Amino acid sequence: AHITFAPKDSAKGEYQISTTIEQLEKPKHPEAYGVFLGGTNLTDPAKQKYGYFVLRGTGEYLIKTRNGDNTTSVVDWTASPKVPKEDASGKATYKVTVHVAPDTVHFIVNGNLVTAVPKSKFPTDGIAGIRVNHNLHVAVTPLVISK
(Lines give C-alpha, C1' and ligand atoms only; values in the text may rest on other atoms or scores of the structure.)
Protein backbone atom coordinates (compact mmCIF):
# COMPACT_ATOMS: atom_id res chain seq x y z
CA ALA A 1 0.00 0.00 0.00
CA HIS A 2 1.06 3.56 -0.63
CA ILE A 3 0.49 6.43 1.79
CA THR A 4 0.34 10.07 0.72
CA PHE A 5 0.59 12.86 3.25
CA ALA A 6 1.80 16.37 3.98
CA PRO A 7 3.51 16.89 7.37
CA LYS A 8 1.29 19.97 7.90
CA ASP A 9 -1.76 17.67 7.94
CA SER A 10 -1.38 16.87 11.60
CA ALA A 11 -3.94 16.93 14.39
CA LYS A 12 -4.44 15.86 17.98
CA GLY A 13 -7.25 15.83 20.49
CA GLU A 14 -10.73 16.06 19.02
CA TYR A 15 -10.98 16.53 15.25
CA GLN A 16 -12.28 15.07 12.02
CA ILE A 17 -10.61 14.08 8.74
CA SER A 18 -12.39 13.48 5.45
CA THR A 19 -11.81 12.87 1.77
CA THR A 20 -13.82 11.60 -1.17
CA ILE A 21 -12.51 8.61 -3.08
CA GLU A 22 -13.98 7.60 -6.41
CA GLN A 23 -13.26 4.10 -7.68
CA LEU A 24 -13.18 4.58 -11.45
CA GLU A 25 -13.04 0.94 -12.53
CA LYS A 26 -13.30 -2.51 -11.01
CA PRO A 27 -9.89 -3.84 -9.88
CA LYS A 28 -8.82 -7.34 -10.99
CA HIS A 29 -9.08 -8.45 -7.34
CA PRO A 30 -10.39 -6.61 -4.25
CA GLU A 31 -8.02 -3.79 -3.25
CA ALA A 32 -8.43 -1.20 -0.50
CA TYR A 33 -8.27 2.57 -0.20
CA GLY A 34 -9.04 5.06 2.53
CA VAL A 35 -7.41 7.24 5.15
CA PHE A 36 -4.85 7.00 7.91
CA LEU A 37 -4.28 9.12 11.01
CA GLY A 38 -2.12 9.27 14.10
CA GLY A 39 0.96 8.98 11.90
CA THR A 40 4.52 9.25 13.23
CA ASN A 41 7.90 8.49 11.63
CA LEU A 42 6.16 8.18 8.25
CA THR A 43 9.32 8.56 6.15
CA ASP A 44 10.93 5.52 7.78
CA PRO A 45 8.94 2.35 6.94
CA ALA A 46 10.69 0.41 9.72
CA LYS A 47 9.49 2.91 12.35
CA GLN A 48 6.27 4.33 10.93
CA LYS A 49 3.14 4.14 13.05
CA TYR A 50 -0.45 4.99 12.16
CA GLY A 51 -4.01 3.72 12.18
CA TYR A 52 -6.02 3.26 9.01
CA PHE A 53 -9.57 2.88 7.79
CA VAL A 54 -9.91 1.42 4.31
CA LEU A 55 -12.73 0.25 2.05
CA ARG A 56 -13.10 -1.78 -1.07
CA GLY A 57 -15.74 -1.86 -3.78
CA THR A 58 -17.10 -5.15 -2.46
CA GLY A 59 -18.87 -3.20 0.32
CA GLU A 60 -16.37 -4.05 3.05
CA TYR A 61 -14.19 -2.08 5.44
CA LEU A 62 -11.11 -2.77 7.56
CA ILE A 63 -9.57 -0.92 10.52
CA LYS A 64 -5.95 -1.64 11.44
CA THR A 65 -2.92 -0.14 13.09
CA ARG A 66 0.61 -0.21 11.72
CA ASN A 67 3.79 -0.25 13.80
CA GLY A 68 6.81 -0.65 11.53
CA ASP A 69 6.41 -3.91 9.62
CA ASN A 70 3.67 -5.16 11.96
CA THR A 71 -0.05 -4.57 11.54
CA THR A 72 -2.79 -5.32 14.04
CA SER A 73 -6.47 -5.66 13.18
CA VAL A 74 -8.88 -3.50 15.16
CA VAL A 75 -11.79 -4.64 12.95
CA ASP A 76 -11.12 -7.37 10.36
CA TRP A 77 -12.67 -7.16 6.89
CA THR A 78 -16.37 -6.69 7.53
CA ALA A 79 -19.23 -6.35 5.07
CA SER A 80 -21.55 -3.46 5.84
CA PRO A 81 -24.71 -2.16 4.16
CA LYS A 82 -23.34 1.30 5.00
CA VAL A 83 -20.39 0.77 2.63
CA PRO A 84 -21.88 0.84 -0.88
CA LYS A 85 -20.80 -1.79 -3.37
CA GLU A 86 -19.37 -0.82 -6.73
CA ASP A 87 -21.87 -0.69 -9.59
CA ALA A 88 -21.91 -3.07 -12.58
CA SER A 89 -19.19 -1.00 -14.29
CA GLY A 90 -16.98 -1.15 -11.18
CA LYS A 91 -17.53 2.47 -10.14
CA ALA A 92 -18.23 3.67 -6.61
CA THR A 93 -17.88 6.92 -4.66
CA TYR A 94 -17.08 7.11 -0.96
CA LYS A 95 -16.89 10.13 1.30
CA VAL A 96 -14.62 8.72 4.00
CA THR A 97 -14.64 10.44 7.38
CA VAL A 98 -13.02 9.64 10.70
CA HIS A 99 -14.23 11.62 13.70
CA VAL A 100 -12.06 11.59 16.81
CA ALA A 101 -14.10 12.24 19.98
CA PRO A 102 -12.79 12.34 23.57
CA ASP A 103 -13.04 8.56 24.11
CA THR A 104 -14.21 7.13 20.78
CA VAL A 105 -13.18 7.09 17.12
CA HIS A 106 -16.11 7.11 14.65
CA PHE A 107 -15.71 5.67 11.15
CA ILE A 108 -18.17 7.15 8.65
CA VAL A 109 -18.88 6.48 4.97
CA ASN A 110 -21.12 8.77 2.90
CA GLY A 111 -22.46 10.33 6.09
CA ASN A 112 -23.37 6.99 7.70
CA LEU A 113 -21.70 5.71 10.85
CA VAL A 114 -20.14 2.35 9.95
CA THR A 115 -18.62 1.59 13.35
CA ALA A 116 -16.89 3.15 16.36
CA VAL A 117 -13.99 1.92 18.47
CA PRO A 118 -12.51 3.05 21.78
CA LYS A 119 -9.87 5.72 21.26
CA SER A 120 -7.48 3.60 23.33
CA LYS A 121 -7.37 1.01 20.50
CA PHE A 122 -6.50 3.39 17.66
CA PRO A 123 -3.75 6.03 17.29
CA THR A 124 -5.16 9.49 16.63
CA ASP A 125 -2.51 12.13 17.46
CA GLY A 126 -0.20 12.75 14.50
CA ILE A 127 -0.17 13.13 10.73
CA ALA A 128 -3.18 12.15 8.61
CA GLY A 129 -3.27 11.19 4.96
CA ILE A 130 -4.50 8.88 2.22
CA ARG A 131 -3.74 5.15 1.90
CA VAL A 132 -4.21 3.36 -1.43
CA ASN A 133 -3.29 -0.22 -2.36
CA HIS A 134 -1.81 -1.22 -5.71
CA ASN A 135 -3.58 -1.91 -9.03
CA LEU A 136 -6.35 0.64 -8.47
CA HIS A 137 -7.77 3.39 -10.63
CA VAL A 138 -9.14 5.96 -8.18
CA ALA A 139 -9.59 9.73 -7.93
CA VAL A 140 -9.08 11.26 -4.50
CA THR A 141 -9.93 14.74 -3.22
CA PRO A 142 -7.45 16.45 -0.90
CA LEU A 143 -7.72 15.47 2.74
CA VAL A 144 -9.55 17.96 4.96
CA ILE A 145 -8.89 18.22 8.70
CA SER A 146 -11.40 20.15 10.80
CA LYS A 147 -11.76 20.81 14.52
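The model is a predicted one, in which local features need pLDDT of at least 70 and side-chain atom pairs count only at pLDDT 80 or more, whereas totals for chains, interfaces and linings use all residues. Residues are numbered from 1 along each chain as its sequence is written, and side-chain values use heavy atoms, with hydrogens and water left out.

The protein chain contains twelve strands and zero helices, where strands (E, at least two residues) and helices (H or I, at least four residues) are DSSP runs numbered from the N terminus. Read from the N terminus, the elements therefore follow the order β-β-β-β-β-β-β-β-β-β-β-β. The radius of gyration, which is taken over C-alpha atoms, is 14 Å for the protein chain, close to the 15 Å that the globule rule gives for 147 residues, so the chain is as compact as a globular protein of that length; the rule itself is 2.2 Å times the number of residues to the power 0.38. Along its principal axes, the C-alpha trace spans about 40 × 30 × 25 Å. The accessible surface of the protein chain, computed by the Shrake-Rupley method with a 1.4 Å probe and with only the protein chains shown counting as cover for residues, comes to about 7400 Å², and 50% of this surface belongs to carbon and sulfur atoms. Of the 147 residues, 47% are buried, a term that stands for under 20% relative accessible area, while exposed means over 50% and partly exposed lies in between (1.4 Å probe, protein chains only). Contact is defined as heavy atoms within 4.5 Å, and among contacts between residues at least 6 apart in sequence, 60% join residues at least 24 apart.

Six of the strands form an open sheet in the order β1-β10-β3-β4-β5-β6, with antiparallel pairing; two strands are counted as paired if DSSP finds at least two bridges between them. The edges of this sheet are β1 (2-11) and β6, each of which pairs on one side only. From one strand to the next the twist averages 15°, the axes being lines fitted to C-alpha atoms (for helices over the stretch in contact) and the angles running from 0 to 180 degrees between N-to-C directions. In general, the strands of a sheet pair through backbone hydrogen bonds, either parallel or antiparallel.

Within this sheet, strand β5 (residues 60-67) is mostly covered, since seven of its eight residues are buried. On one side, β5 is joined by eight bridges to strand β4 (residues 49-56), and the two run antiparallel. The hairpin of β4 and β5 has three residues between the strands, and Gly59 takes a positive phi near 85° there. Strand β5 also pairs with strand β6 (residues 70-79), again in the antiparallel sense, over seven bridges. These two strands form a hairpin with two residues between them, and Gly68 in the turn has a positive phi of about 65°. Arg66 of β5 is the bridge partner of Tyr50 and is also partnered by Thr71 in β6, while Tyr61 stands opposite Thr78 in β6.

Lys26 forms a salt bridge with Glu86, the closest N and O atoms being 2.4 Å apart. This pair links distant parts of the chain, as Lys26 lies in the loop between β2 (15-23) and β3 (33-40) and Glu86 in the loop between β6 and β7 (92-100), 60 residues apart. Lys26 is exposed at 52% relative accessibility, but Glu86 is buried at 16%.

Towards the end of the numbering given here, Val140 is found in strand β11 (residues 138-140) and is partly exposed, with a relative accessible area of 34%. Leaving aside neighbours within four places in sequence, Val140 is in contact with Thr19, Thr20, Ile21 and Ile130. Val140 and Phe5 are 135 residues apart in sequence and 12 Å apart in space, C-alpha to C-alpha.

Key
A salt bridge is a side-chain nitrogen of Lys or Arg within 4 Å of a carboxyl oxygen of Asp or Glu.
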